[in-house]
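Please look over the sequence and the 3D structure shown below before reading on. The report that follows takes up a few regions one after another.

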Amino acid sequence: MLVKTYSSTVFGINATTITIEVNLEIGINFYLVGLPDNAVKESQQRIKAAFKNNNLKFPGREITVNMAPADIRKEGSVFDLPIAIGILAVSKQVKLELLSNYILIGELSLDGSIQATRGVLAIALQAKQEGFKGIIVPKANALEAAVVNDLEVYGAENLAEVIQFLNQEEGGMQQIIVDVEKQFGQLIEDFELDFRDVKGQMNIKRAFEIAASGGHNVILIGPPGSGKSMLAKRLGSILPPMSLDEALETTKIHSVAGKVKGQVGIISQRPFRKPHHTISDIGLIGGGSYPQPGEISLAHNGVLFLDELPEYKRTVLEVMRQPLEDRTVNISRAKFSIDYPASFMLVAAMNPCPCGYYNHPEKECVCGPGVVQRYLNKISGPLLDRIDIHIEVTPVSFDELANSKPSEGSKEIRERVGAARTIQKNRYLLRNGIHCNAQMSMKEFEEHCNIDNAGSQLLKTAMDKMGLSARAYDRILKVARTIADLDQVENIEAIHIAEAIQYRTLDRCRWSLN
Ligand SMILES: Nc1ncnc2c1ncn2[C@@H]1O[C@H](COP(=O)(O)OP(=O)(O)OP(=O)(O)O)[C@@H](O)[C@H]1O
Ligand SMILES: [Mg+2]
């Protein structure tokens, strides 16, 4: 006799349905075929023990389990549940009627309980697309899967519950229902870190407002204790809220990485990732023998904050160059390649030199000749090239720190950012996947970054006088475009260019004089 059950495996951030055929014959062997890895092969032992501990009968016949399609490598232990149910069905301990309606995933413990797994959202989306009625997942992952509309989601704690459900007996699992739209709307306003806490630093807050409005990458340079980390950590609170599509995409990546935690099914705040500077290149861009998304993909639709930038290994920073440009990262192996989305805003912070006080208004820098330049050279030109806004942070004065007058909060800033983003949304209409000014390609740049004579004259003078490099040119114009959007005006004016020029600190020649 032959029985089929259905499961799913995740490849990159998308799932593929796996059909599991269980056949019973006269004999005593157990065969598992269809490119299973070691964890799948071990399922026989787990299933046997789980059956024994739940008073179920493991058939004393020859069992062949085939997993199709045979050319996809089946990894991990999530096939325990569909194989176990297949064996129970073929030996008439579970009814067949409901089997073809549901995708089953879950690793069994020896006592029959079902362990949490990764990638459930991707699996649920695929199940819906292929017309399955529902999905049975480990209870700990049920909220994650329930984000998908029009798909029945059941969270199973143990094997016995799944059997009861499939046999349509009393006491089986309850369907998990999440009102995504409601949950999504509720969580967006909550921010722990608010710009209200930052005293003074008006010019830097303004630079952040511009960066958030246009999605520009930012680097902060300043002495220790000037508030760089403090400011950067608050960037998330002024970014515009994610759309539902963006939130689903981000949740899918976090789900694949097994990072959707707690009672939340959908991630509704833009991610803010802050990897430590000892991170490896695989940790940053993703990979590994069982490829997993890296920090740049976990930061998708959000912020990647690299504090103390020169401390990161240069090779690690270099691998980020391609994804910064393409907004996706491709991980190639001998037999396959995987794409993970990686559209993030890079925020970096650093001291200007090893002692930290180069260019400080009061303190003397004690670094020797050439040291500052060597320190800055740790960050390559091409990487710096991808950062639109350079901000020099100076410490706030005692008077400002002691001033108890409340500063402007993140909510007000976020409203202005939102208005500027709406202008950009209407301008680009998501053509070529462009959301904001920082993502403009050459074509859009030529169309939307025109300047008049006065602007052009100003830019030329600034570039000559300040010794700005050629690469600064289009960066300045893109940022000027964002400033004009914040002002809600159609044309880029000289005043916008003048402000944008301020944000090219590292291009100015004085930074290379020491
Ligand atoms: N503008 C400010 N308003 C209120 N507090 C501030 C401000 N600037 C700095 N601080 C205080 O100083 C502390 C140190 O700031 P922070 O850690 O952000 O400095 P940093 O520039 O990142 O320094 P480092 O280069 O050493 O990393 C903050 O935790 C905060 O308490
Ligand atoms: Mg810091």
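In which sense do strand 10 and strand 18 pair, and over how many bridges? They pair in the parallel sense, over four bridges. Before going further, please keep in mind that this is a predicted model.

## The chain as a whole

The secondary structure of the chain comes to 22 helices and 18 strands, and its C-alpha trace spans about 90 × 50 × 45 Å along the principal axes. Of the 514 residues in the chain, 43% count as buried. Among contacts in the chain with a separation of 6 or more, 73% are made by residues 24 or more positions apart.

Strand 10, which covers residues 218-221, belongs to an open sheet of five strands, arranged in the order 11-14-17-10-18 and paired in parallel. At the edges of this sheet are strand 11 (272-273) and strand 18 (389-392), each of which pairs on one side only.

Helix 8, made of residues 202-214, lies across both strand 10 and strand 18, and it runs at about 165° to strand 18.

Strand 1 (residues 2-11) and strand 2 (residues 14-25) run antiparallel and are joined by ten bridges, with Leu2 having Asn23 of strand 2 as its bridge partner. The hairpin that these two strands make has two residues between the strands, and in this hairpin Gly12 takes a positive phi near 70°.

Strand 2 also pairs with strand 4 (residues 62-68), again in the antiparallel sense, over seven bridges. In this pairing, Thr19 stands opposite Ala68 of strand 4.

Strand 8 (residues 134-138) pairs with strand 9 in the parallel sense over five bridges, and Gly134 stands opposite Glu152 in strand 9. Because four of the five residues of strand 9 (residues 152-156) are buried, this strand is largely enclosed by the rest of the structure.

In soluble globular proteins, nonpolar side chains tend to be buried together. The largest nonpolar core of this model has 129 residues, of which Ala84, Ile123, Ala124, Ile135 and Ala145 touch the most other members. Helix 3 (residues 80-90) gives the most to this core, contributing eight residues. Once neighbours within four places in sequence are left aside, Ala145 is in contact with Val120, Leu121, Ala124, Ile135, Val137 and Val153.

## Leu384 in helix 16

Leu384 has its place in helix 16, which covers residues 381-385. Why does Leu384 count as partly exposed? Leu384 has 17 C-beta neighbours inside 10 Å, whereas a residue is called buried at 20 or more and exposed at 12 or fewer, so the count for Leu384 places it in the partly exposed class.

Not counting residues up to four places away in sequence, Leu384 touches Ile379 and Leu506. Leu384 and Glu246, by contrast, are 138 residues apart in sequence and 27 Å apart in space, taken from C-alpha to C-alpha.

Methods. Residues are numbered from 1 along each chain as its sequence is written. Chains are lettered from A and ligands numbered from 1 in the order in which they are written. This is a predicted model: local features need pLDDT of at least 70, side-chain atom pairs count only at pLDDT 80 or more; totals for chains, interfaces and linings use all residues. Two strands pair if DSSP finds at least two bridges between them. A nonpolar core is a set of buried Ala, Val, Leu, Ile, Met, Phe, Trp, Tyr and Cys residues joined through C-beta atoms within 7 Å. Two residues are in contact if their C-beta atoms, placed from the backbone, lie within 7 Å. Axes are lines fitted to C-alpha atoms, for helices over the stretch in contact, and angles run from 0 to 180 degrees between N-to-C directions.
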